Structures are given as C-alpha cells and as structure tokens.
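Here are my notes on the ligand site and the domains around it. Please read them with the model open.

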Amino acid sequence: MVIFLKVKGRCLTTHVTSTLQETEPMGRYEEYADIDWNNLGYGLIKTDYIYKAKCTLNNTFEQGQVCDYGNIELSPGAGVLNYGQGIFEGTKAFRGEDGRILLFRPDQNAIRMQIGAERMCMQSPSVQQFVDAVKQTAIANKRWIPPPGKGSLYIRPLLIGTGPTLGVSPAPEYTFLVYASPVGNYFKAGTGPLNLYVNNEFHRATRGGAGCVKSITNYAPVLKAITGAKEQGFSDVVFLDSVHKKYIEEASCSNIFLVKGNVISTPATVGTILEGITRKSIIDIARDLGYKVEERLIALDELMEADEVFTTGTAVSVATVGSVTFNAQRIEYKTAGELVSQKLYKTLVGIQVGKIKNKYDWAVEIK
Ligand code: COI
C-alpha cells in the first residue's frame, strides 16, 4: 500500500503495510473523481499527482517523488525547449470488473524509453524505476481511473533534457515525469471506422533518423499533414516512405496493418517506424489465434487491395479503417460482419481488463 504524506506542499511516497491514512483534504481518496465518466474524450484532464525525478549528466536518477500535479519550471536554455531533447511513452491503467487495477506491459515501455534515450543521448531511468513510477502514478491517481467499460487512465512518462545548453550538446540535467489523464476514445468519431488519407508530400521519418523512437520531435513535423487531412474530413494520415514514396509506414500515432485472406501484414520496423507495444502484442495475439502474420515492405497498392485495414497503438487501441484515400482514389474496406480487427480488439481489451488470462501475463495488477 502507498501512503502520501503532505510535506510543505509536496508529497513524499512511503510504502507501508497498514491501512491508508488520510493526510489530504477529504475527496482525494474517494473512489471516483467527480467528472462525467460517460463522455470521456482524449483531452488532458488534470489529475491529483505527478511523479518527478531528476538526474544530472553521468549520474543516476534520484529517487522520485509523487507530488501535487502542477506546472513545472524550466530554464529558457533547457535542452528540450531549444533542441527537442525529449522522449515520451504512453501506457494505460484499466479498472477490471472485479475491481482490480491493471497495467499493460509497463516493462516494455521502460525498455523502449531506454532505447530511445540512448539514441537521443539522454540519461534514462532504470526499468525498475520506470515501472515503479508508473505504478505509483496510477495508484496515486486511482480515483481518475474510469469505471469498467468507460475508458482508461492514460499514463504519460516523459523524459526531458531540463539542463541549459546553448551549444548543440546533450543537456546537463534530465527530468523524468509521469503524469496521467482519464481518457475515452482517441478519435472524435468514437469507435467508428477511420477514414485515412495517404499523404505523399510530408514524411514522418527518414532512414537514420529517429522515427523508430518515441521522440517528441516526431510529432510537430506531421501536424501540418494531420491538420490538412482533418480539415477535409479525414480521421488521420498514412505516411509513405521518404525514399521511394511508395511503401506505407504508419499513421500519425499508430501502426498500420492490412488483412488479405488469412494473412495479416504490417510494415517491418526498419528504423522509420515506431516499435509499437500494441503492434507487437497484436502480432502475438494474431499468431496465437491462428493467423499468419508478416512484417515486411508493403506497397501502397497492396494496402488499396486489402480486405481489411486497421491501426494499433496505446491511444487508439485497435481501430478499424473504413476507407483509404490517395489522390482522388478512395478505397472502402469491409467494416461489418466478422472482422479480424474486432476479434483482435476484443482479445486485446479482454487481456487488458483482466477478463482473458493470456499466457504471457501481460496484465500487471497494482495495489
Ligand atoms: C500512444 O499511443 O501512446 C501515443 O503515443 C499516441 C499519442 C501520440 C497520442
């Protein structure tokens, strides 16, 4: 059990075995926060607590603290502000119908953050510190974890260069933060099929770049493509490879899959595609369900000839695609009847909320 002791406006975390002691004004430990749980979207809802830990260059991270949620102060010269030295993760806490609180494969996010930090010349927390931080943040914000079936608590671990650096060099100090927000469906249209637009003008990543890591610098450059597509009524964008402008890579914040017969295919992760944790979980689930899964180069033409298309990600979960448009050509896919994407979605969510016990023990109960 975790107790939060209020000390000069900060909260120190202590692990104890006795019952929870109330040290905050009443309300912080009520079962649910007072919000409209039936209409959760994907906006940031401030919760009660944030986890913070710092590290100076060539040092290890200090023990982190769970603090009151609020703004953070940064030097104007911070590496993250000037040179984009920042990476993040996304994971979710779910409330099962049996009342358990479950995280989905947080160790995988920890490992991915370490790989990303190495690529971006940043210090990173250990896998254990990362996982503990995610657990502490979820438990501290427990009243913000939606009731079963209403959504999840999206947890955002963020690693940023907070030390000042005027020349282009790694920042002398790093801060690891974990905050959270209750979320519902990522797309405004809810769980309805997505209409994707293939953008051949802007590219998300290049060979040798940082497309495979969850760098904050991967997102601002695609805002123009996403905004343009949304203005035309599309849900999201599919990016093509920047060399041949022919092979599909991923959508703006999710990996893409196509189904043809009994074969499911997805672009291989060759450095330009994010190594999605939902992506690799879906590959394992699909194989366990008897599908053949291929990771390889996929030309746009092949996407246009698929039976079904879907995207995967922590935020989007498994999202069925209804159409893909390239130039003036719009292709529609099967979205009714028995869908492979829905079978995979139900299995994934079943594992995440503890209804389906999977052989890998991906759901981690926290208390
Ligand atoms: C996630 O799925 O965790 C993401 O990173 C998506 C986010 C960029 C909205």
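1. The ligand sits in the second largest pocket. A pocket here is an open set of points on a 1 Å grid over the protein atoms alone, where a 1.4 Å probe fits, with protein on both sides within 12 Å along at least five of seven lines. To sit in it, a molecule needs more than half of its atoms within 2 Å of the grid points.

2. This is a predicted model: local features need pLDDT of at least 70, side-chain atom pairs need pLDDT 80 or more, and totals for chains, interfaces and linings use all residues. Residues are numbered from 1 along each chain as its sequence is written, and side-chain values use heavy atoms, without hydrogens or water.

3. The residues around the ligand (a heavy atom within 4 Å) are F88, G90, Y154, R156, Y186, K214, Y219, C253, T314 and A315. By class, six are nonpolar, two polar and two charged. Tyr and Cys count as nonpolar, Gly as polar.

4. Polar contacts are N or O pairs within 3.5 Å. A polar side-chain atom of Y154 lies 2.7 Å from a ligand oxygen. The ligand alone exposes 280 Å², and the protein buries 89% of that (Shrake-Rupley method, 1.4 Å probe).

5. Why is the ligand between domain 1 and domain 2? Domain 1 (2–184) and domain 2 (194–352) both give residues to its shell, so it lies between them. The bounds come from an automatic or database assignment.

6. The domain centres, over C-alpha atoms, are 28 Å apart. 21 residues of domain 1 contact 20 of domain 2, with heavy atoms within 4.5 Å.

Note on methods: A polar contact is a pair of N or O atoms within 3.5 Å; within protein, one must be able to donate a hydrogen and the other to accept it, and residues adjacent in sequence count only if both atoms are side-chain atoms. On a 1 Å grid over the protein atoms alone, a cavity is a set of points where a 1.4 Å probe fits but cannot get out, and a pocket is an open set with protein on both sides within 12 Å along at least five of seven lines; lining residues have an atom within 4 Å of a point.
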